[in-house]
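Study the sequence and the three-dimensional structure shown below. Then work through the exercises, and compare each step with the solution that follows.

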Amino acid sequence: MIKFTSRDGVGTITLSRPERLNAITPENVEEIIAILNGLKTDAETKVVILTGEGRGFCAGMDIQGQGLGDSGGGSGEGQGRVQRIYQGMARSGEIVLGLREIPQPVIAALRGPVVGMAFSMALACDLRVAAPSTKFHTPFLNLGFSAGDLGLTWMLPRLIGTARAGEIFYRAQSIDAERALGLGLVTEIADDDVAAAEALAAELLTRSPFGLRHTKELLNLSLDAPGLRTQLAIENRTQTLGFLTEDLLEGIAATMEKRQPKFRDR
């Protein structure tokens, strides 16, 4: 079960299978995708928090009962199994894309195990707050898989560098909260990860709504931009639009008056 609530500009997505450490089922995948699709056009929600219920964020994909261990009888059955697994993986990848593509910055509130698919989901968020119990797991090379799981080999090198990402992948390492903070994977460590994520969300709500949305867009584009010239052109367009917004007028007035800006909720 996946829960979604929205209050005062902050939406919270909660993975709610604590008895299974919030392991994700195919049904959960569809629930999360539906929530993310709704957020793409949700003008009231400005910031999103992604968290898990209970003692762990998420134990990854729940493979129990998914038929991943069967060998298949003939070539037809084997082909069907491969197609089934591939389609499930591709559908799960839509969650990672969705977390990046929604206009709202997403804050992950992490605790306990963050395994496999959950690692990718956490990295797809814009900011990450970790409880001291947080531990990222990359067991793939011990299980017979590659580390290429739902964008993980694309995101982690961009966050911490290729050499460090390679060491973590090749050695199937786990990363505790302190090391994650040192690597820059998490923004802060807090005893109450959800409360810290809510405080961070409240801080972001004081920023320009135009600025929040377009900064995320620019960060996303920078990851794929072919070069500095292209990124400069996109930034120039966005900054020009910014000159035409009420956010800019309020931001300048607040700066001149030496006060906190009060951006209108639009």
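**Exercise 1. A strand inside the sheet**

Strand S3 (residues 47-52) has 6 of its 6 residues buried, so it is largely enclosed by the rest of the structure. Here buried means under 20% relative accessible area, exposed means over 50%, and partly exposed lies in between (1.4 Å probe, protein chains only). Helices (H or I, at least four residues) and strands (E, at least two) are DSSP runs, numbered from the N terminus. The model is predicted: local features need pLDDT of at least 70, side-chain atom pairs count only at pLDDT 80 or more, and totals for chains, interfaces and linings use all residues. Residues are numbered from 1 along each chain as its sequence is written, and side-chain values use heavy atoms, with hydrogens and water left out.

Task: State which residues of S3 point one way and which the other way, and determine which strands S3 is joined to.

Solution. 

Step 1. Val47, Ile49 and Thr51 point one way, while Val48, Leu50 and Gly52 point the other way; all are buried.

Step 2. Two strands pair if DSSP finds at least two bridges between them. Strand S2 (residues 10-15) runs parallel to S3 and is joined to it by 6 bridges. Within this pairing, threonine 14 has threonine 51 as its bridge partner, and glycine 11 stands opposite valine 48.

Step 3. Strand S4 (residues 106-110) also runs parallel to S3, with 4 bridges between them. The partner of threonine 51 in S4 is alanine 109.

Step 4. The open sheet contains 6 strands in the order S1-S2-S3-S4-S6-S9, with mixed pairing. Its edge strands are S1 (2-7) and S9 (188-189), each of which pairs on one side only.

Step 5. S2, helix H1 (residues 26-39) and S3 make a right-handed β-α-β unit. A crossover is right-handed if, with the strands pointing away from the viewer, the path from the first strand over the helix to the second runs clockwise.

**Exercise 2. Salt bridges**

Task: Which residue meets aspartate 62 in a salt bridge, and which residues meet glutamate 167?

Solution. 

Step 1. A salt bridge is a side-chain nitrogen of Lys or Arg within 4 Å of a carboxyl oxygen of Asp or Glu. A search of the whole structure finds 15 salt bridges.

Step 2. Aspartate 62 meets arginine 20 at 2.9 Å, N to O. The pair links distant parts of the chain, 42 residues apart: aspartate 62 is in the loop between S3 and helix H2 (75-101), and arginine 20 is in the loop between S2 and H1. Aspartate 62 is buried, because its relative accessible area is 6%, whereas arginine 20 is partly exposed at 32%.

Step 3. Glutamate 167 meets arginine 171 at 2.9 Å, N to O. Arginine 171 is exposed, with a relative accessible area of 58%, while glutamate 167 is partly exposed at 30%.

Step 4. Glutamate 167 also meets arginine 179, at 4.0 Å, N to O. Glutamate 167 lies in helix H6 (residues 162-170) and arginine 179 in helix H7 (residues 177-183), so this pair ties together parts that are 12 residues apart in sequence. At 29% relative accessibility, arginine 179 counts as partly exposed.
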